[in-house]
Amino acid sequence: MDIRKNTLVNAAAFAAAALGTIIGNVSGSSVLVFICKPLLMIILSSWFYFKSRRVGDRFTLLIQAGLFFSLVGDVALMAQEQDEFFFLIGLGSFLIAQLCYAMAFAHNVANTSGPVSFVPGLIAVGIIAYGFLFAMDLVPRVDEHITLPVSIYAIAICLMGVAAAFRYHRTYPRSFWMVFVGACLFILSDSLLAYDRFIFPLIHAKWSVILTYAAAQYLIITGCLVHVLDPAEIRRKAALNT
């Protein structure tokens with residue numbers, strides 16, 4: 001058994017790292033957070049790489065890039081209390097991660113065919129409306145020097161959600177729902193973080209932000225693996241390359 005590819009082993013390790021991060025946040029143990037939080041993306045990145053490398057393409061490369069910039073963002077946000085500049089680094093890193101995910105989902109849509117449906121459009125309208133209303137409430141409360149970065153980030157994460165929605169009927173149902181729910185949880189996690197930081201402190205933020213974030217990343221990566229490792233998808237890629 002190759003533990004680098006084993007789903008159960010990696011899921012258990014990821015869950016342990018998420019639990020350790022939550023316990024560290026709640027108890028105020030910065031040491032535990034500094035140990036466990038970076039492990040989240042390291043575990044997912046390693047698992048995704050070793051599971052998908054034999055069928056690697058632009059889609060998998062973009063997802064891997066998204067994981068890398070998520071790791072950079074995690075590390076930067078852990079240091080934001082020492083210097084607020086790290087908050088901007090983290091924000092920028094996660095912005096790039098969201099764009100990588102969005103481009104990966106768009107690549108998926110562009111390279112597959114499916115029946116025309118109004119469902120993605122309706123979902124996209126809902127996501128954009130939520131992002132606009134939340135931004136309208138948030139931006140006036142944000143420090144003036146970070147208003148533009150926060151606004152751009154809000155656009156990027158909504159774009160990621162919209163791109164995930166348009167995978168409807170362009171991939172396998174299990175892959176679509178896992179990635180889409182993951183994208184929604186990512187938006188929720190960032191909304192909780194922004195609300196707690198800029199609007200009103202949330203008593204549950206120390207555990208809810210990381211719980212929704214960890215679940216979001218895991219669902220996105222698992223859903224992407226369902227897409228690239230499906231036998232029909234592998235045969236399709238083989239046919240295109242011949």
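This briefing describes the packing of the helices and the setting of several individual residues. The structure is a predicted model. Its largest nonpolar core has 58 residues, and helix 6 provides the largest share of them, 10 residues.

**The largest nonpolar core**

- Among the 58 residues of the core, those that touch the most other members are Ile63, Phe105, Phe186 and Ile221.
- At least two residues of this core come from each of helix 1 (7–27), helix 2 (30–52), helix 3 (58–78), helix 4 (85–110), helix 5 (119–138), helix 6 (147–165), helix 7 (173–199) and helix 8 (205–229).
- The largest share, 10 residues, belongs to helix 6.
- Neighbours within four places in sequence aside, Phe186 is in contact with Phe94, Gln98, Tyr101, Tyr153, Ile157, Met160, Tyr213, Ala216, Gln217 and Ile220.

**Helix 6 and helix 7**

- Two packed helices are described by the angle between their axes and the distance between the axes.
- For helix 6 and helix 7, the axes come within 8 Å and cross at roughly 165 degrees.
- An angle over 145 degrees counts as roughly antiparallel, and helix 6 and helix 7 are therefore roughly antiparallel to each other.
- Helix 6 and helix 7 have a left-handed crossing.
- On the side of helix 6, the residues that meet helix 7 are Tyr153, Ile157, Met160, Gly161, Ala164 and Ala165.
- Their counterparts in helix 7 are Phe176, Val179, Phe180, Ala183, Phe186, Ile187 and Asp190.
- By class, the residues of this contact between helix 6 and helix 7 are 11 nonpolar, 1 polar and 1 charged.

**Helix 4 and helix 7**

- The axes of helix 4 and helix 7 come within 13 Å, with a crossing angle of roughly 160 degrees.
- Helix 4 and helix 7 are therefore roughly antiparallel to each other.
- The crossing of this pair, helix 4 and helix 7, is left-handed.
- Helix 4 contributes Phe87, Phe94, Gln98, Tyr101 and Phe105 to the contact, while helix 7 contributes Val179, Phe186, Asp190, Arg197 and Phe198.
- The contact of helix 4 with helix 7 comprises 7 nonpolar, 1 polar and 2 charged residues.

**Helix 4 and helix 8**

- Helix 4 and helix 8 have axes that come within 13 Å and cross at roughly 30 degrees.
- Angles under 35 degrees count as roughly parallel, and helix 4 and helix 8 are therefore roughly parallel to each other.
- Helix 4 makes a left-handed crossing with helix 8.
- The contact involves Phe94, Tyr101, Phe105 and Asn108 of helix 4.
- From helix 8, the contact involves Tyr213, Gln217, Ile220, Ile221, Cys224 and His227.
- The contact of helix 4 with helix 8 has 7 nonpolar residues, 3 polar residues and no charged residues.

**Individual residues within helices**

- Serine 93 is part of helix 4, and its 6% relative accessibility means that serine 93 counts as buried.
- Apart from neighbours within four places in sequence, serine 93 is in contact with Phe69, Val72 and Gly73.
- Isoleucine 123 belongs to helix 5.
- The C-alpha atom of isoleucine 123 is 6.5 Å from that of alanine 165, although the two residues are 42 residues apart along the chain.
- With neighbours within four places in sequence left aside, isoleucine 123 is in contact with Ala165 and Phe180.
- Cysteine 184 is located in helix 7 and, at 33% relative accessibility, counts as partly exposed.
- Between cysteine 184 and alanine 164, which are 20 residues apart in sequence, the C-alpha to C-alpha distance is 9.2 Å.

**Individual residues within loops**

- Phenylalanine 118 lies in the loop between helix 4 and helix 5.
- With a relative accessibility of 63%, phenylalanine 118 counts as exposed.
- Phenylalanine 118 is 25 Å from phenylalanine 59, C-alpha to C-alpha, and 59 residues from it in sequence.
- Histidine 169 is in the loop between helix 6 and helix 7 and, at 40% relative accessibility, counts as partly exposed.
- Most residues other than glycine have a negative phi.
- Histidine 169, a residue other than glycine, has a positive phi, near 65 degrees.

How values were computed:
Residues numbered from 1 in each chain as written. Predicted model: local features only at pLDDT ≥ 70, side-chain atom pairs only at ≥ 80, totals over all residues. Heavy atoms only, no water. Core = buried A, V, L, I, M, F, W, Y, C linked by side-chain atoms within 4.5 Å. Buried < 20%, exposed > 50% of the residue type's maximum accessible area, 1.4 Å probe, protein only. Helix = DSSP H or I, 4+ residues; strand = E, 2+ residues; numbered from the N terminus. Contact = heavy atoms within 4.5 Å. Axes fitted to C-alpha atoms, helices over the stretch in contact; angles between N-to-C directions. Parallel < 35°, antiparallel > 145°, perpendicular 65-115°, else oblique. Left-handed = near helix turned anticlockwise from the far one by under 90°. Nonpolar A, V, L, I, M, F, W, Y, C, P; charged D, E, K, R; others polar.
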